[in-house]
Amino acid sequence: MTGTRTGDPALPTGRSRRVRGRPLLYTSYAQDMALLDTRAKRVSAGALVLLALALSAVLADPALEVLAVAYVLAIGAIGLNIVTGYAGQVSLGHAFFVAIGAYTAAALSGLPGGDTIGYGISEIWIWLPAAGLVAAAAGVLVAPLATRLRGLYLAIVTLGLVFLGEHVFKEWQELTGGVGVGREAAVPALLGVRLDQDGALGTREQQLYLLMLVLLVVFAVAARNLARSRVGRAFAAIRDRDIAAAVIGVPLTRYKVLAFGVSSFYAGCAGGLLFTVSGYVEPGSFSLLLSVQFIAMVLIGGVATVSGAIAGALFISLLQPLTRTLPALVPVISGDTTQTPNVFQVETVLYGLLIVLFLIFEPRGLFGLWIRVRNYWKAWPFSY
């Protein structure tokens with residue numbers, strides 16, 4: 001593995017490098033464990049980031065707003081992927097933790113003395129970590145159930161959190177503003193500069209788009225490094241067989257609690273950011289449908305992959321503008337929630353149908369499709 005072939009120059013003493021002409025030959029442990037361990041990965045990752053940055057100057061403001069929401073949903077999907085994909089703990093209560101983060105951020109950022117709770121802290125570097133930490137604390141409180149339950153039983157318990165939270169948030173009007181009224185979402189301000197208004201970086205939508213893009217990159221890299229660490233390997237051992245993991249010395253309770261805590265932190269941060277785009281948060285937004293959307297993002301994008309969670313979030317987010325045009329194309333489908341069938345019911349059915357189809361035909365999701373395409377071109381013109 002570390003030797004050189006005939007004709008190759010000798011490796012310099014005291015340092016290692018990759019031998020030219022052999023791109024997958026690593027001469028050090030650091031090279032083998034690098035986040036982007038090949039030139040193709042580095043070039044493609046850099047190209048994607050540059051493309052995402054260029055979109056802020058090319059696309060119209062409505063399209064940037066949709067993508068900004070998609071990036072925030074991707075952060076939440078990565079969090080769900082940590083607990084469900086990497087650690088194997090089925091959770092249907094992601095909307096509950098998103099709601100905790102959203103109202104924590106709104107309360108900290110809200111103006112004091114109004115009809116709803118507010119502390120006047122609009123700096124994003126304060127309310128965003130606070131939203132994640134409060135949601136993480138709630139996740140840690142729920143996590144002990146994960147050590148006693150598994151599979152369907154754990155899914156039912158986490159599902160109950162959604163209905164419990166829905167009732168609490170509807171009744172706690174001092175915090176949420178009440179059903180049909182709501183309250184203003186958190187104000188994204190950085191060093192006194194409000195990012196939800198036109199500024200030096202462009203329009204309101206352009207600034208929010210760039211903010212969400214930067215935060216998505218930060219959260220995605222952190223999650224990928226977590227998955228490659230000792231903690232990530234413990235998560236994978238618990239997911240594959242928790243009894244075997246306990247036998248080899250993995251403390252199940254500690255890592256299950258950690259998985260729920262990290263996942264809830266991501267969900268809380270996503271909740272705090274999600275409604276800064278619209279500027280308004282309402283208790284009815286955190287229903288079972290939101291949890292189903294996050295499950296669809298993970299399963300359609302690819303379980304236990306960070307890039308798959310991002311792809312799934314983009315897929316679901318870009319699907320919504322298309323489904324909202326159905327009432328104009330299909331008169332039978334109504335845009336009014338009081339009539340049946342309406343566009344929101346169609347979206348719910350579509351999510352379920354997509355989940356079933358992907359689980360049957362491509363369990364690895366969009367990430368699996370990309371792997372197939374990549375392997376085909378790597379082996380072309382051969383079929384094996």
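**Patch, packing and ion pairs in a predicted model**

Biologist: Which residues form the nonpolar patch on the surface, and what accessible area do they have together?
Modeller: This is a predicted model. In the model, a nonpolar patch on the surface is formed by Leu-35, Leu-36, Val-49, Leu-50, Leu-53, Val-217 and Val-221. Their accessible area together is about 520 Å².

Biologist: Which helix gives the most to the nonpolar patch?
Modeller: At least two residues of the patch come from each of helix H2 (39-58) and helix H9 (204-228). Leu-36, another member of the patch, sits in the loop between helix H1 (29-32) and H2. The most residues, three, come from H2.

Biologist: Is Leu-36 buried, partly exposed or exposed?
Modeller: Patch residues need over 30% relative accessible area. The relative accessibility of Leu-36 is 34%, so Leu-36 counts as partly exposed.

Biologist: Are H10 and H12 roughly parallel or roughly perpendicular to each other?
Modeller: The axes of helix H10 (residues 230-240) and helix H12 (residues 252-274) come within 10 Å and cross at roughly 105°. On the H10 side the contact is made by Arg-230, Val-231, Ala-234, Phe-235 and Ile-238, and on the H12 side by Leu-252, Tyr-255, Lys-256, Leu-258 and Ala-259. Angles of 65 to 115 degrees count as roughly perpendicular. H10 and H12 are therefore roughly perpendicular.

Biologist: Which residue meets Arg-194 in a salt bridge?
Modeller: Arg-194 is partly exposed at 37% relative accessibility. The N to O distance is 2.7 Å, and the partner is Asp-196.

Biologist: How many residues apart are Arg-324 and Glu-347?
Modeller: The side chains of Arg-324 and Glu-347 meet in a salt bridge, at 2.6 Å from N to O. This pair links distant parts of the chain: Arg-324 is in the loop between helix H14 (306-323) and helix H15 (326-329), while Glu-347 is in helix H16 (residues 343-361), and the separation is 23 residues.

Biologist: Of Arg-324 and Glu-347, which is buried?
Modeller: Buried means under 20% relative accessible area. Arg-324, at 41%, counts as partly exposed. The value of 1% belongs to the buried residue, Glu-347.

Biologist: Which residues does a cis peptide bond join, with omega about -5°, and which with omega about 10°?
Modeller: Most peptide bonds are trans. Pro-341 is in the loop between H15 and H16, and Pro-381 in the segment after H17. The cis bond with omega about -5° joins Thr-340 and Pro-341; the cis bond with omega about 10° joins Trp-380 and Pro-381.

Biologist: What is the phi of Leu-191?
Modeller: Leu-191 lies in the loop between strand E2 (189-190) and strand E3 (193-194). Leu-191 counts as exposed, at 71% relative accessibility. Most residues other than glycine have a negative phi. The phi of Leu-191 is positive, near 55°.

How values were computed: Residues are numbered from 1 along each chain as its sequence is written. This is a predicted model: local features need pLDDT of at least 70, side-chain atom pairs count only at pLDDT 80 or more; totals for chains, interfaces and linings use all residues. Side-chain values use heavy atoms; hydrogens and water are left out. Patches are made of residues with over 30% relative accessible area and no salt bridge: like charges are joined within 9 Å, nonpolar side chains (Val, Leu, Ile, Met, Phe, Trp, Tyr) within 5 Å. Accessible areas come from the Shrake-Rupley method with a 1.4 Å probe; for residues, only the protein chains shown count as cover. A salt bridge is a side-chain nitrogen of Lys or Arg within 4 Å of a carboxyl oxygen of Asp or Glu. Helices (H or I, at least four residues) and strands (E, at least two) are DSSP runs, numbered from the N terminus. Buried means under 20% relative accessible area, exposed over 50%, partly exposed in between (1.4 Å probe, protein chains only). Axes are lines fitted to C-alpha atoms, for helices over the stretch in contact, and angles run from 0 to 180 degrees between N-to-C directions. Angles under 35 degrees count as roughly parallel, over 145 as roughly antiparallel, 65 to 115 as roughly perpendicular and the rest as oblique. Contact means heavy atoms within 4.5 Å.
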